Amino acid sequence: MTLTRSVSIFSGRYGLIVINVNAASLQQLVRDMYDASVTQLHLYDGAGQDLFHTDPADVAPKASKTLASESVSDYTGWRLVSEWNDGKWITFLLSLFNVWLVLGLLVCALALGWIVWMTRQNYRPIRNLVAQLERYSPGSGPVKDGDERYGGEFRYIHSMMENMIDQNSRFQLQLQQDLEVKRNFYLYGLLEGIRQVGPEEWAATADQHGMYPAFGKAFVVVLEIDRSAEWRRTYGQEEQDGWKKAVEAIVGGLTEQAAGCRVWMLWTMANQLAVMLMSEGDVPDEAMSALIGEWHARIRADLPFEMTIGLGEPATRPENIHDAYQEALAALQYKSIEGNNRILKHTGGPTGRGEVFRHLQRIDGIVDLLRLSDAKWRAEFRSLIRQMELDRASREDIGQVMNYLIFNLGRAVEGMSAEYRRLWSTDIMPALAKTLAEVEMMGDIAHAFFEALEAFEERVEQSRESRNQGVLIKEVKAYIESDFARPELSLDYLSDKFGISGKYLSRLFKEEFGLKFVDFLIDLRIRHAQQLLSETSLPVQEISERIGYSSPISFARTFKKIVGVPPIDYRKEKQG
């Protein structure tokens, strides 16, 4: 067979390519590529003639043959056909393949349907959960797939779960805080005696407060920050809270290391930590006291401030907790005398509280001397301080005596001139009040009071010396103090002697010393009479004459009015 095609080669317009193809050679080349016993290969030209099989018997395909594939050339239009020699088995296998294909597709469809059904069944609890969460958070509104607020149900569930976990954490924290407040309130009631608890109630409630159900023994301790006013000025509120937690950590940490002990702490005041140290009963008192000593030593070593510890007697029953707490506070009252930064134990011995009234009586004399600028007030004040130290006066007693001094001195200044009243109200009295509020030690209080009172006396003296009438009134006062025994001593007598009006003299005396001339003269005579009654055995009549009274009856009446008892009884009391 021959193949031709027109092409432009030499002339640029006409040309022809001729190819002769030997069909037998082509058939032999292709025959090596397949098994003739299984398949047949046919090449048909455009006229439908089989170029590989020129024998007419081979041209018509056998009935059992099955077309396997067919390919057509776009250029020549020839067809290349391959056939199976025995097509029944192939057809059978192909039909089986179709059956399995249909079965596979059916199984896939069933599997897909089952997946969809199971997904819907399993998704129903999710929808129910979302619905419950929506009811739990009614303000959120219904959630749909792809909701931009949450990104769908799963993100919504995640968001709500995080919210619930956060709320639960806050609830747990609030619960712990409520339990701590309840525990602190329970302890405060025990300490202050507001709540009376017996052994049965203690056993029922102690466990929930972290204490031993069986009440063995309890030491009630009060730790007080020394120089608390200076401590508050040095540290801000956050720093103060931090130092308080440090104190609690020291007490709690050392107690945890001690076997058989538990501790309960409460800041009852800004500078006082109340601690109840409990044991089950088998811990000796010496071991408990040693543990408290370890607290104090660690605080001294680790903290930049000092603390004094008050220790009461051990409580063996819940009803005794209040008494033990009061004893610890009472022990701290003597820090002013004993010193700070130490452990003060309640001894139960006699104190100086019974001497307070006697100290108050001495205040009246000090105020009179200071008002009159008599230097003897210094010796009297020092003697009062020494006596209070010997009597082991508590901080409460010291405050009571010093407040009485401030009150009486203020009342005396009220009768003096406006200049002295202003000096007292703006400078001296606030300084004394601040000292009482902030200073703790007896020596420091006495020193501050002494300096303030000296400053007041000096400024009063400077004011008097700067005025003519001030010099004059000092001369009058000095004359009265030296000649108070004259029976004729009176305003008229002084008016004639110093050449001024008696009324003017009385007013000047009142402005300078805060009391009337008559009251000053009577007080001077009675104080001298008290000295004679205490130190001599002179008759009352003679004493009355020595101090300027012409009538013993008048003297006795005035003495009883001022002192409170007749002269005879006063002598018996002083001389025994």
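User: At what angle do helix 19 and helix 21 pack?
Analyst: This is a predicted model, in which local features need pLDDT of at least 70, side-chain atom pairs count only at pLDDT 80 or more, and totals for chains, interfaces and linings use all residues. Residues are numbered from 1 along each chain as its sequence is written, and side-chain values use heavy atoms, without hydrogens and water. Helix 19 (residues 517-535) and helix 21 (residues 552-563) have axes 11 Å apart, and the angle between them is about 95°. Axes are lines fitted to C-alpha atoms, for helices over the stretch in contact, with angles from 0 to 180 degrees between N-to-C directions.

User: Are helix 19 and helix 21 roughly parallel or roughly perpendicular?
Analyst: Angles under 35 degrees count as roughly parallel, over 145 as roughly antiparallel, 65 to 115 as roughly perpendicular and the rest as oblique. At about 95°, helix 19 and helix 21 are therefore roughly perpendicular.

User: Which residues of helix 21 make the contact with helix 19?
Analyst: Contact means heavy atoms within 4.5 Å. Helix 19 contributes Ile522, Ile526, Ala529, Gln530 and Leu533. From helix 21 come Phe555, Thr558, Phe559, Ile562 and Val563.

User: Which strands stand at the edges of the five-stranded sheet?
Analyst: Helices (H or I, at least four residues) and strands (E, at least two) are DSSP runs, numbered from the N terminus; two strands pair if DSSP finds at least two bridges between them. The open sheet has mixed pairing and the order 7-8-6-9-10. Each edge strand has a single partner, so one side of it is left without a neighbour in the sheet; these are strand 7 (261-269) and strand 10 (343-345).

User: Which residue in strand 8 is the bridge partner of Trp267?
Analyst: Strand 7 and strand 8 (residues 272-279) run antiparallel and are joined by eight bridges. In strand 8, Trp267 has as its partner Leu273.

User: How many residues of strand 6 are buried?
Analyst: Buried means under 20% relative accessible area, exposed over 50% and partly exposed in between, with a 1.4 Å probe and protein chains only. On one side of strand 6, Lys217, Phe219, Val221, Leu223 and Ile225 are buried, and on the other Ala218, Val220, Val222 and Glu224. The count for strand 6 is nine of nine.
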